[in-house]
Amino acid sequence: MKTLRILIVEDEELVLSTLLRQLRRSPFDADTATNGQEGLARIEGSDEPYDVLLTDFNMPVMTGLHMIHEINQLPSDKRPKLIIAMTGRTENLDILAREAPGVQTISKPFIWSKVEKIIEEFFR
């Protein structure tokens, strides 16, 4: 698999550092943001679109869902090809299914291999 550009948007430092440790063993070039507003700014300011956006649902400043809605308003060549939303709350999965169709979801806690499987299947 080619090196993919991934943006991780997560406000919990422990979760973010754990994800970054896992990424060291994966074919990804990773950037990070700590809330949806930062994540949106990185996407808008990037010369090359991200392949993957891995975002938390609940964050301060701008939620993951709000960021996803804003991303969907961008030109298609700016949007990540794959969006995966992480949440620790089951009710958020229903909200994402209803309000952000096409977004992949994963429940926290999870093992990194589940994320890798979603990405590998998408880019196959």
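What pattern does the protein chain follow, read along the sequence? Read that way, the chain goes β-α-β-α-β-α-β-α-β-α.

View 1. Helices (H or I, at least four residues) and strands (E, at least two) are DSSP runs, numbered from the N terminus. The radius of gyration is 13 Å, close to the 14 Å that the globule rule gives for 124 residues, so the chain is as compact as a globular protein of that length. (That radius is taken over C-alpha atoms, and the globule rule is 2.2 Å times the number of residues to the power 0.38.) Along its principal axes, the C-alpha trace spans about 30 × 30 × 25 Å. Take the contacts (heavy atoms within 4.5 Å) with a separation of 6 or more: 69% of them are between residues 24 or more positions apart.

Two notes on reading these views: because this is a predicted model, local features need pLDDT of at least 70 and side-chain atom pairs count only at pLDDT 80 or more, while totals for chains, interfaces and linings use all residues. Residues are numbered from 1 along each chain as its sequence is written, and side-chain values use heavy atoms, with hydrogens and water left out.

**View 2. Helix α5 and its buried face.** Buried means under 20% relative accessible area, exposed over 50%, and partly exposed in between (1.4 Å probe, protein chains only). In α5 (residues 112-122), the buried residues are Trp-112, Val-115, Ile-118 and Ile-119. Look down the helix axis and they fall within an arc of 125°, so they line one face of the helix. (The arc is that of the directions from the helix axis to the C-beta atoms.) Here's the handy bit: an α-helix has 3.6 residues a turn, so residues three or four places apart point the same way. Covering the buried residues of α5 are, among others, α1 (13-23), β4 (82-87) and β5 (104-107).

**View 3. Helix α2 and its buried face.** Now check out α2 (residues 36-45), where Gly-36, Gly-39, Leu-40 and Ile-43 are buried. Seen down the axis of α2, its buried residues fall within an arc of 100°, so they line one face of this helix too. Their cover includes β1, β2, β3 and α3 (64-71).

**View 4. Pro-27, in the loop between α1 and β2.** Is Pro-27 buried or partly exposed? At 31% relative accessibility, Pro-27 counts as partly exposed. Its C-alpha atom is separated by 15 Å from that of Leu-53, 26 residues apart along the chain.
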